[in-house]
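User: I would like to learn how to read a few features of a protein model. Please take them one at a time, with the general idea before the case.

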Amino acid sequence: MLMHTDRMDAIASGEAGRQGRPAVQLDGVTRRFGDSIALHEAWLKIQPGEFMTLLGPSGCGKTTLLNLVAGFLETDSGEIFIEGALVTETPAHQREIGIVFQNYALFPHMSVANNIAYGLKTRGIDRKEIARRVDEALALVKLDGFGDRKPRQLSGGQQQRVALARALVIKPKVLLLDEPFSALDKNLRGAMQVELKQIQRELGVTTIFVTHDQGEALAMSDRIAVMSAGRIRQIAAPGDVYRRPADRFVASFVGDVNVLTGCLVERRTEVATISIGDMRLEVPAPPLAQAAIGDVVDVFIRPEHLAVTSGSTPGSLRGTVTTQVFQGDHIDLYIDVAGVAREPVLLRAPGIAALSSCPVGTEVGLTVRSDDVVAFLPEASS
Amino acid sequence: MTKRPFLGWFVSPAGLVALGLTAAMAAVFQFSIRTYIPGSLEVGGFTLQNFAAMLRPLYALAFWNTILLCFETAAFTLFLAYPLAYALVRTRSSAVRSFILIAAVTPLFLGEVVRTYSWMIVLGNNGFLNTLLVKLGLVERPVQMMFTAGGVIAALVHVTMPIMVIMLAAGLSHIDRNCERAAESLGAGPIRVFLTITLPLSMPGIVAGFSTAFAWTFSAFATPQLIGGGRVSTVSTLIYQLGFSSFNFPFAASLSIIGLALSLAVIALLRQATRPLERLASAT
Amino acid sequence: MKRSPAVMALRWSGRVLVAAILLFVLLPGIVVAVTAFNDRAILAFPPQAWSLRWFWRAFSYSDFGRGFWNGLTVTLWASSIALVVGAAFAIAIHRYTFVLKSVLEGILLSPLIIPHYTIGLGVLILASQTGAGRGFPLVILTHVLLVLPFVMRSTFISLENLDSRLELAAASLGATPGRILLTVTIPLLLPGLLSGWLFAAILSFNEFTATLFVSSQATQTLPVAMYNYVREFADPTLAALSVIYIAVTALLLSLANAFLGLEKILNVDAH
């Protein structure tokens with residue numbers, strides 16, 4: 001199934017169709033640390049110009065994967081290709097990749113200009129050309145005139161721009177970003193995300209971005225590879241990862257989600273019917289391939305996909321509002337739905353109307369569109 | 001790319017040096033089981049006679065005295081060095097910190113001879129302390145301080161002080177101040193905070209400092225030789241005497257071997273004995 | 001913020017205690033300094049008349065001059081050799097695993113706990129057995145053994161503080177391992193290497209016990225010459241020499257403190 005979505009994306013991407021070969025390709029790459037498997041048979045194709053995010057909690061193997069692509073780690077098995085060339089045995093310094101570390105790793109004993117020039121000097125480019133390209137890179141990251149400063153004289157955001165310029169100035173085949181925003185404060189983070197995305201699109205550089213922040217991943221990526229426990233769980237466009245998670249892990253890691261208890265009523269090839277209380281929903285069938293009719297299933301519903309109706313609407317779930325949380329542009333309602341959810345169900349109502357229409361204690365009905373629902377087998381049996 | 005670039009270049013010179021050191025130590029071992037030929041630098045056949053001779057009271061006493069001297073020195077050094085290290089790490093004035101640091105560390109680089117010599121002037125019968133005591137009317141005649149174990153210890157404490165301060169300060173500086181603040185917030189007064197938090201947490205530094213002071217004292221030669229003046233005999237002074245007065249290198253070598261084994265054993269025991277304390281410190 | 005009288009009393013008694021201990025540390029130096037200007041030829045305190053003549057004697061006594069130049073020769077060679085050997089080895093143990101790694105490390109660090117006279121004796125016996133003379137190479141070898149652990153330690157601490165991502169970044173920018181070593185690793189280790197060298201040099205220059213065993217009349221260093229002097233004469237010449245010694249050492253350390261930060265070198269930096 002993973003291969004399936006990958007191929008569909010490849011066909012959808014016009015650029016990939018023109019060039020025909022992925023910018024980065026991992027064929028069954030495995031890496032162990034002692035007894036533990038940090039990365040288990042990763043298969044991944046990244047198209048030229050694509051912004052691919054590796055998303056997952058710490059320890060999921062995303063940084064291992066990045067280090068393998070960079071050449072900082074060696075694979076135990078499997079092959080890595082960059083622009084079609086086999087690089088599994090190629091040392092890091094010959095791979096022509098650019099990398100921005102979490103702490104930027106700027107050379108503290110060199111000026112900003114010398115930091116940026118470093119990769120050009122290793123390539124034996126002549127002085128004039130280096131100076132020109134350093135200035136160009138500084139302009140690209142809006143740091144004109146900062147060349148003579150030392151890294152420690154710069155703010156966190158400026159240091160990050162230098163790190164980006166240093167990585168990009170060598171015109172890398174792939175740009176690797178290792179949680180580059182986590183050291184920035186929140187206000188700066190949003191601005192840097194937009195800027196980075198702009199630069200990336202402008203230069204069309206293939207990018208692998210590692211993060212544990214699903215918001216960042218959804219906002220910036222062309223595609224996301226969700227990882228957990230050393231495995232890639234799903235590779236898909238942000239919208240698909242969000243609306244059509246491949247498994248329980250992806251469903252609960254990306255975005256907020258309610259888990260309700262339902263029951264499998266009927267199953268066909270593509271679509272299965274489930275019931276939650278009086279509510280009937282059609283969900284994708286493949287994740288429930290192992291379930292029998294009548295089995296209990298976990299139904300995943302996003303808070304913003306639930307809607308409030310009057311308590312007596314047929315085919316809705318009935319519950320009682322227990323808490324209201326004002327969030328500025330929306331209201332979070334926590335609703336007790338007896339029988340189908342152990343914890344109160346979270347409903348995200350846009351605007352502020354719900355503040356007055358659904359005070360605490362109100363009996364409400366909940367509805368949801370079938371398109372926005374996925375179901376999986378309960379944890380123990382999956 | 002090789003996975004370990006320059007490994008050979010990095011390791012082989014060190015390997016050569018290690019080989020030299022090993023050869024030197026092997027030479028000591030080898031000499032320790034050779035027969036001494038009086039009046040000659042050549043040595044005879046293999047024998048265990050040297051080690052048997054060490055059971056004589058003269059030598060057994062020298063070993064005992066040396067270990068006692070080392071313990072006393074290390075203990076006094078610890079008591080004097082701890083407040084200094086504490087002040088060094090905790091003072092807020094950078095001038096005070098620099099002063100303590102320079103004052104405490106300079107003696108480390110003066111070498112044993114200069115420091116021992118200065119203590120000879122302090123402790124001598126016409127020296128600083130005796131003149132002071134007589135002038136103050138505390139004593140009528142100068143007190144004998146040179147050529148006594150007390151004098152040797154005073155000088156040795158001074159010799160081992162810097163390294164102890166450095167090791168204690170290293171330990172103290174790595175203590176998370178928030179632990180102390182937490183204890184304070186829970187109602188502990190300054191003394192209680194010190195006894196229940198700071199002291200246990202500085203245990204690794206104390207153990208390291210104490211064993212280093214012990215080893216250094218064991219190794220000291222100029223101080224017991226010059227201030228002890230032959231009346232305080234330690235393993236080091238005996239070895240030198242045997243080697244350079246009677247040229248009995250085999251016996252000097254066997255004394256070295258036993259001395260080394262003994263000091264290693266004491267240090268190992270010390271580490272072992274203080275291990276529960278360290279665990280306590282790490283658990284706190 | 002007001003503090004209780006008990007806390008203030010504790011603070012002040014702490015300050016007095018620290019001052020008293022500092023006095024103990026500084027006392028011999030002060031006494032030596034005063035003695036050095038004593039005109040009379042015995043070690044008595046306080047001096048009755050003042051003079052600089054012991055300083056002139058310290059400079060003119062030929063054993064001291066020879067000892068100084070011998071010591072400088074030995075020190076420069078030993079600490080420089082130790083720097084190259086020790087730093088390279090520290091990098092290897094920090095980065096790589098290899099056969100006999102911990103054995104080699106243990107051997108090279110052992111001079112920290114093996115008494116200097118044992119090492120001196122060992123080198124002496126080794127030299128006599130192999131027929132090597134008691135020349136400078138022997139003294140230099142002994143000093144290399146003794147100061148190597150300090151260089152290794154100082155380099156190792158710097159390596160611990162070196163962010164390995166800097167080297168990864170350099171590699172990603174196309175630098176070969178050799179280039180990374182020259183343009184990133186060594187420049188960033190430089191303060192640690194310098195302080196390690198300085199430490200080694202000062203320790204080597206002052207080393208006495210092992211040198212006493214392995215040096216001859218022709219190769220004796222300053223501390224050995226000083227020791228021999230004390231055994232023969234009881235005049236304040238050595239006090240004068242000690243004053244110069246203390247002044248130069250304190251000056252060097254103050255410089256090291258100002259430029260490199262002693263706290264960092266000694267790993268007692270609380271901040």
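**Reading helices, cores, interfaces and salt bridges**

User: Let us begin with a helix of chain B. How many of the 10 residues of helix 12 of chain B are buried?

Analyst: Keep in mind that this is a predicted model. Eight of the 10 residues in helix 12 (residues 235-244) of chain B are buried, so the helix is mostly covered. The buried ones are Val235(B), Ser236(B), Thr237(B), Leu238(B), Ile239(B), Tyr240(B), Leu242(B) and Gly243(B).

User: Which residues of helix 6 of chain A are buried?

Analyst: That helix is also described as mostly covered, with 11 of its 13 residues buried. They are Gly157(A), Gln159(A), Gln160(A), Arg161(A), Val162(A), Ala163(A), Leu164(A), Ala165(A), Arg166(A), Ala167(A) and Leu168(A).

User: What do the buried residues of helix 6 of chain A pack against?

Analyst: Within chain A, they pack against strand 6 (97-100), helix 4 (112-122), helix 5 (127-140), strand 7 (174-178) and helix 7 (186-203). They also pack against helix 7 (164-172) of chain C.

User: How far apart are the end C-alpha atoms of helix 6 of chain A, and what span should its 13 residues have?

Analyst: The expected span of a helix is 1.5 Å times one less than its number of residues. For the 13 residues of helix 6 (residues 156-168) of chain A that gives 18 Å, and the end C-alpha atoms are 18 Å apart, which agrees.

User: Now a loop residue. Where is Gly71(A), and is it buried or exposed?

Analyst: Gly71(A) sits in the loop between helix 3 (62-70) and strand 4 (77-82) of chain A. The cut-off for buried is under 20% relative accessible area, so Gly71(A), at 14%, counts as buried. Beyond its neighbours within four places in sequence, Gly71(A) is in contact with Ala92(A) and Arg95(A).

User: Which residues touch the most other members of the largest nonpolar core?

Analyst: Leu65(A) and Leu84(B) do, in a core of 252 residues. Helix 3 (residues 57-90) of chain B gives the largest share of this core, 15 residues. Apart from it lies another core, of 34 residues, including Leu288(A), Ile301(A), Val337(A) and Cys358(A). As for Leu65(A), leaving out residues up to four places away in sequence, it touches Leu26(A), Leu39(A), Ala42(A), Leu44(A), Leu54(A), Met227(A) and Ile232(A).

User: How is an interface read, and what area is buried between chain C and chain B?

Analyst: The size of an interface is often given as the accessible area lost when the parts come together. Between chain C and chain B about 7700 Å² is buried, and carbon and sulfur atoms give 81% of that area. On the chain C side, Phe24(C), Tyr96(C) and Tyr117(C) lose the most area to chain B, together 9% of what that side buries. In terms of contacts, 84 residues of chain C meet 85 residues of chain B. The count of salt bridges between chain C and chain B is zero.

User: How many salt bridges does the structure hold over all chains?

Analyst: Side chains of opposite charge can pair when their charged atoms come close. Over all chains the structure holds 22 salt bridges. One of them joins Glu129(A) and Arg133(A), whose closest N and O atoms are 3.9 Å apart. These two residues are four residues apart in helix 5 of chain A, so about one helical turn separates them. Glu129(A) is partly exposed at 24% relative accessibility, whereas Arg133(A) is buried at 12%. Both belong to a network of salt bridges that links Glu129(A), Arg132(A), Arg133(A) and Glu136(A).

User: What does the salt bridge of Arg318(A) and Asp278(A) tie together?

Analyst: Their side chains meet at 2.9 Å, N to O. Arg318(A) lies in strand 16 (residues 317-326) of chain A and Asp278(A) in the loop between strand 12 (271-276) and strand 13 (279-284), so the pair ties together parts that are 40 residues apart in sequence. Arg318(A) is partly exposed, at 42% relative accessible area.

Note on methods
Residues are numbered from 1 along each chain as its sequence is written. Chains are lettered from A and ligands numbered from 1 in the order in which they are written. This is a predicted model: local features need pLDDT of at least 70, side-chain atom pairs count only at pLDDT 80 or more; totals for chains, interfaces and linings use all residues. Side-chain values use heavy atoms; hydrogens and water are left out. Buried means under 20% relative accessible area, exposed over 50%, partly exposed in between (1.4 Å probe, protein chains only). Contact means heavy atoms within 4.5 Å. A nonpolar core is a set of buried Ala, Val, Leu, Ile, Met, Phe, Trp, Tyr and Cys residues joined through side-chain atoms within 4.5 Å. Buried area is the accessible area (1.4 Å probe) that two parts lose on being put together, summed over both. A salt bridge is a side-chain nitrogen of Lys or Arg within 4 Å of a carboxyl oxygen of Asp or Glu.
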